[in-house]
Amino acid sequence: MGKARIVVTVRMPEAVVDRVIREFDALVPPTDIDGPEVIKAAIAHRADGLLVAGRTRRDAPTIAALPDHVRIIATCSVGFDHIDVEAARRKGVMVTNTPDVLTDCTADMAFLLLLGAARRAAEYEQTMRKGWRQAYGMGEFLGRSVAGKTLGILGMGRIGQAMARRARGFDMPVLYSNRRRLPPELEQGATYVADFRDMLPRIDILSLHAPATPETRAIVNADTLALLPRGAILVNTARGQLVDEDALIDALKSGHLYAAGLDVFLNEPAFDLRFADLPNVFLCPHMGSATVETRNAMGFRALDNLAAVCAGRAAIDPLWTAA
Ligand code: DGY
């Protein structure tokens with residue numbers, strides 16, 4: 001059997017491109033491609049599979065327009081809200097993601113944002129870059145300690161659990177809200193609160209780790225923010241869709257929220273520039289999984305899925321299974 005034929009639609013790390021070239025008959029365009037360009041490339045290359053990433057939208061019309069020889073869309077992301085998996089299932093196109101390999105890296109980023117927001121890292125950094133010359137009094141320019149503060153986690157999947165592990169190292173009690181209560185060996189002392197709204201008045205810091213679904217859309221809004229105690233902190237490494245950004249900006253401006261650490265936004269990369277004017281936000285450009293090690297591991301995992309499905313084997317990380 002010849003090499004599997006794939007189209008790589010996004011720029012990949014060098015090690016991943018090396019493996020693509022070694023193991024696949026691949027079309028690797030010099031820039032990212034999307035929409036009709038992907039369809040054209042898939043047809044021209046007679047592709048068995050597509051390698052995509054979180055920023056590539058694969059909606060129902062795009063999936064319907066794919067030629068029948070495309071058997072798999074492998075996304076280099078754990079989230080798959082950018083792909084209409086049901087439309088792919090109807091067409092018989094497998095969709096796979098890359099769980100596990102980015103868990104620690106994303107939880108590290110969430111903790112970085114938590115500390116950055118609580119300890120005013122963005123403001124301190126800017127002060128230094130502007131050429132710090134003024135000494136601060138003992139009571140000036142202070143942040144907030146995190147030790148002993150209660151962390152609330154929305155979404156206690158792999159990344160939520162990894163965040164809880166980090167919080168334990170900082171002596172933070174952990175509450176969590178999730179569709180289901182976890183078994184005690186996974187809870188590791190975290191307290192389950194079935195209703196998200198009931199958890200909010202009991203926490204100091206809220207970290208979001210739930211997927212973007214119709215149920216979680218704008219779950220952080222004016223009503224739910226008001227349930228947090230004054231001076232709370234919000235951390236989001238999940239998806240911007242979980243947050244009503246107008247309400248968040250109001251809460252940050254009024255001081256109801258002390259600060260926020262944000263890696264994800266409703267519109268990316270064209271995020272709401274009002275955030276950039278707020279001193280009490282610590283901002284990152286959707287970099288939760290952005291280390292060399294993790295991006296390589298994600299790319300390799302996506303290639304493993306492509307290789308398996310193109311060779312007629314079961315996907316390693318299938319997002320749908322035959323009924
Ligand atoms: C993921 O893996 O879902 C990251 O957010 C990148 O999109």
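This is a predicted model: local features need pLDDT of at least 70, side-chain atom pairs count only at pLDDT 80 or more; totals for chains, interfaces and linings use all residues.
1. The five-stranded sheet. Five strands make up an open sheet with parallel pairing, and their order is β2-β1-β3-β4-β5. The edges are held by β2 (25-27) and β5 (94-96); each has a single partner strand, so one side of each has no neighbour in the sheet. From one strand to the next, the twist averages 20°.

2. A pairing within that sheet. Strand β1, residues 5-8, is paired with strand β3, residues 49-53, in the parallel sense, and three bridges connect them. Within this pair, I6 is placed opposite G49 of β3.

3. The helix on the five-stranded sheet. Helix α12, formed by residues 292-310, packs on this sheet and touches β1, β3, β4 (72-76) and β5. The direction of α12 makes about 170° with that of β4.

4. The seven-stranded sheet. A further open sheet is formed by seven strands, again with parallel pairing, in the order β8-β7-β6-β9-β10-β11-β12. Here β8 (191-192) and β12 (281-283) stand at the edges, and each has a single partner strand, so one side of each is left without a neighbour in the sheet.

5. Strand β6 covers residues 151-154 and strand β9 covers residues 205-208; the two pair in the parallel sense over four bridges. G152 faces L206, a residue of β9, across this pairing.

6. The helix across the seven-stranded sheet. Helix α5, residues 103-118, lies across β6, β9, β10 (232-236), β11 (257-262) and β12.

7. The surroundings of the ligand. Which residues surround the ligand? They are G54, S77, V78, G79, L102, R239 and H286. By class, this shell consists of two nonpolar, four polar and one charged residue.

8. A polar backbone atom of V78 is 2.7 Å from a ligand oxygen, and an N or O atom in the side chain of R239 is 2.8 Å from a ligand oxygen. For H286, a polar side-chain atom lies 2.7 Å from an oxygen atom of the ligand. Taken alone, the ligand exposes 230 Å², of which the protein buries 85%.

9. A cis peptide bond. E268 and P269 are joined by a cis peptide bond, with omega about 0°. P269 belongs to the loop between β11 and β12.

10. A positive phi angle. What is the phi of D100? The angle is near 70°, a positive value in a residue other than glycine. D100 is located in the loop that runs between β5 and α5. As background to this point and the preceding one, most residues other than glycine have a negative phi, and most peptide bonds are trans.

Notes: Residues are numbered from 1 along each chain as its sequence is written. Side-chain values use heavy atoms; hydrogens and water are left out. Two strands pair if DSSP finds at least two bridges between them. Contact means heavy atoms within 4.5 Å. Axes are lines fitted to C-alpha atoms, for helices over the stretch in contact, and angles run from 0 to 180 degrees between N-to-C directions. A residue is near a molecule or strand if one of its heavy atoms lies within 4 Å of it. A polar contact is a pair of N or O atoms within 3.5 Å; within protein, one must be able to donate a hydrogen and the other to accept it, and residues adjacent in sequence count only if both atoms are side-chain atoms. Accessible areas come from the Shrake-Rupley method with a 1.4 Å probe; for residues, only the protein chains shown count as cover. Ala, Val, Leu, Ile, Met, Phe, Trp, Tyr, Cys and Pro count as nonpolar, Asp, Glu, Lys and Arg as charged, and the others, Gly among them, as polar.
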